[in-house]
Amino acid sequence: MVVVLVNHGVLVGVQQQLHLNATLGIAQFSAEIRTHLFIQVIGRHLLQRGLCQEAYEFFSNYRSLEYFGHILEVLLHKILDETGNSPKNQTLKETLQLVRRFPISLETIVNCARKSEMSLWKAFFDAGEDAKTLFYVSLLIVGISEQEQLASGNILSDYHPDT
């Protein structure tokens, strides 16, 4: 059984398994709920066909989702993996342009670069991202995160930013 939660961009399904326990001579049935994001798959399809405006409009429908940044990151990472070392990576450039149109773009791009293989960095930066800018943005993101943790008291008590 599969359920499509269109407003959340998620497929929800039930994976069923039957396990035979030979020692006890019984069969055990188990069911697990599985979820899968589908927004980035449709967006990738649109981008690969050069439908950049349609991709932007499609993604805009989901911008209010709490995990929207993750969706963009998964999209960007998939495109980078697919086209990273090819000399003609127009889809990567168009994907970066799409991601830049959203307010969470810098964090998304930094997270993708940070989690990507070093061998793909050259293609990533050649597609339009300045490595120094991303470095400073990542420092800013880490700094903001640490300040939020300090403000909420969630950081280790022996942390001394002055040293």
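Q: What share of the contacts with a separation of 6 or more in the protein chain comes from residues 24 or more positions apart?
A: Residues 24 or more positions apart account for 54% of these contacts in the protein chain, a contact being heavy atoms within 4.5 Å. This is a predicted model, in which local features need pLDDT of at least 70 and side-chain atom pairs count only at pLDDT 80 or more, whereas totals for chains, interfaces and linings use all residues. Residues are numbered from 1 along each chain as its sequence is written, and side-chain values use heavy atoms, with hydrogens and water left out.

Q: How many helices and strands does the protein chain have, and what makes a run count as one?
A: The chain has 7 helices and 3 strands, where helices (H or I, at least four residues) and strands (E, at least two) are DSSP runs numbered from the N terminus. From that end on, the elements run β-β-β-α-α-α-α-α-α-α.

Q: What makes β1 and β2 paired strands?
A: Two strands pair if DSSP finds at least two bridges between them; β1 and β2 have 4 bridges in the antiparallel sense, so they meet the criterion. Strand β2 (residues 10-21) and β3 also pair in the antiparallel sense, over 12 bridges, and Gly13 stands opposite Arg34 in β3.

Q: Why is Leu5 called partly exposed?
A: Its relative accessible area is 36%, and because buried means under 20%, exposed over 50% and partly exposed in between (1.4 Å probe, protein chains only), Leu5 is partly exposed. Leu5 lies in strand β1 (residues 2-5), and its bridge partner in β2 is Val10.

Q: Which residues make the nonpolar surface patch that includes Leu5?
A: Met1, Val3, Leu5, Val14 and Ile33 make a patch of about 470 Å².

Q: Which elements do the buried residues of α4 pack against?
A: The buried residues of helix α4 (residues 90-100), among them Leu92, Leu96 and Val99, pack against α1 (39-48), α2 (52-60), α3 (68-83), α5 (105-115) and α6 (121-126).

Terms used
Patch = residues over 30% accessible without salt bridge, like charges linked within 9 Å, V, L, I, M, F, W, Y side chains within 5 Å. Areas by Shrake-Rupley, 256 points an atom, 1.4 Å probe, with all protein chains shown as cover. Salt bridge = Lys/Arg side-chain N within 4 Å of Asp/Glu carboxyl O.
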